[in-house]
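This report looks at aromatic rings and at the charges placed over them. Please have the sequence and the 3D view ready.

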Amino acid sequence: MTAVRDAAEEPEDPSSADPLAVRPGIARFAVMLAVFLCAACGMVYELALVALGSYLLGNTIVQASIVLSVMVFAMGVGSFAAKGLVRWPAVSFALVEAALGLVGGLSVLSLYLAFAFLDAYTVAMVVAAFVIGALIGAEIPLLMEILQRIRAQRASSAVADLFSFDYVGGLVGGLAFPFLLLPLLGLPHGALAVGAVNAITGVGVVLWVYRGTLTRRLKVWLSVLLVAVLAVLGVAWAATDTIEITGQQSIYRDTVTHSERSDYQQIVLTRDHRTDDLRMFLNGDLQFSSTDEHRYHESLVHPAMNGPREDVLILGGGDGMAAREVLEYDDVDAVTLVDLDPAVVELAQSDERISALNEGSLSDPRVTTIAADAFAWLRGEAAADAYDTIIIDLPDPDDAATAKLYTVEFYGLVARALAPEGRTVIQAGSPYFAPEAYWGVAESVRRAGLAVTPYHVDVPSFGDWGFLLAGASGEGAPAEGESAEGESGESSPADRASGTEADPGGPPLGLPEDAPDDLTYATEPVIDAAAVFPPDRARASVGEPQASTLLHPYVIDQHRRAWVAY
């Protein structure tokens, strides 16, 4: 404690050379309030970096691991470096918070520009995480010194008081980010607003608590610094939409005609003015191209409709294209479409170009749309044996959120909701570009007790694309833990000769007798040929496929490894 008193007597810091402008109790409360607010801001910066990385690159687990580990390390570095600033704790704290507000506030836009124009997102993210972490780490030593100079107390009591406000602030920031900032302001504006709060808090508290002791020159400089930081953040706020549109246009080949950030993802529409090709992207991933989406959706839907089909469930497919194909059959009584993001469904109904493509399917009285997570909905809302046909048109499993939709547990829920003689069809990725992931998904379906008939077609905008037709009606469906080809794991000589990979008892692949006459791709010969896989992309080419579960989502790494070379 003697060292603290000696430090308080040093004349270098104007904030400690003279008595406070307010009573110590009020000064202490103001500083603790600053601790609370700055901790909340720091937590928002961390979450913003994680969220941006997951939006742009997917793989939330990797993004969170890199950001949090780098920031924690940097906090230690910043805390150590702040030892040289404790002689001037109040002024140093104001400068640190001004810098943190500026860097943290601009972090989202800066990283987006690095992603769009420099292709250097990961390096920029590590640098941003380190700088922000170092500045956050510098706060604690400076705040501890300020509090001790206001009113000296035992170190244990000072640490307890400081960290209690710090942790509560972190809690508030962590909760405010998804439930307040993102819905109301969005990611870029939310980060800028928090940066402004951070700078105002840090500089404002010092100017108010020490207004009677700071020299006039210092007060002017700190005030000018605060105004400059707020001005930069304000300019960035005004330019956010322009920056985003410019960045998007550099990412996408065609003209961006629509862009919005929903509660779940970035939704972008582009149009090629030469060919009038309309494309939808979700978080940068292509969902459809109007030039060849008919190939995908005809191949996905019509083989599954070759059986009972009065009650149809579509999981995903918020663009309405799969529903369009389903409604080609007059004996379909009801279609239930479950999609996570209501913004996609709303856009598919309100945008004239998309509604023309889906032929107004989502407005058909037979269609009921539900905004819900497919896994949670199947688990809590779907009745057993309720659906004759289940069409699963979900995003690729490139992160933890979507990987659960490709697990044994998920397909077990699908099997429970499927009528005894029903069929389900699953978009399962590319057997050419990602054979390990494709056959791994097939193995997950098998482990859920369904017999599988794999097939694949050519969709130019996607490449060679694969589906899985499955049902529980076949007597040859393998038991859990048994491979589809039997105990030996070998396919039959007939299967090897034909190139097909269907399970014994799997649903026969074909079109309904009353399939629409106007199909422009999925004709009977095309679908028959779709069951044939060349040896270098057959199931045997990947060895023993790994089924994914909730605790072991192998499909994430299978999918990630597959696309590295492309």
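The sections below cover ring pairs, a ring cluster and charges over rings.

## Basis

This is a predicted model, in which local features need pLDDT of at least 70, side-chain atom pairs count only at pLDDT 80 or more, and totals for chains, interfaces and linings use all residues. Residues are numbered from 1 along each chain as its sequence is written, and side-chain values use heavy atoms, leaving out hydrogens and water.

## Ring pairs

Rings of Phe, Tyr and Trp (its six-membered ring) pair if their centres lie within 6.5 Å; planes under 30 degrees apart are stacked, over 60 edge-to-face, and the rest tilted. The count is 15 aromatic pairs. One of them joins F73 and F130, a tilted pair with 6.1 Å between centres and 45° between planes. F73 lies in helix α4 (residues 60–81) and F130 in helix α6 (residues 121–150), 57 residues apart. Helices here are DSSP runs of H or I with at least four residues, numbered from the N terminus.

F73 is exposed, at 54% relative accessible area, while F130 is partly exposed at 31%. Buried means under 20%, exposed over 50%, and partly exposed in between (1.4 Å probe, protein chains only).

## A cluster of rings

Ring pairs link Y296, Y455, F462, W465 and F467 into a cluster.

## Charges over rings

A charge sits over a ring if NZ of Lys or CZ of Arg is within 6 Å of the ring centre and within 35 degrees of the ring normal. R261 has its charged end over the ring of Y55, 3.7 Å from the centre. For R537, the ring is that of Y432, at 4.5 Å.

Definitions and conventions:
Helices (H or I, at least four residues) and strands (E, at least two) are DSSP runs, numbered from the N terminus.
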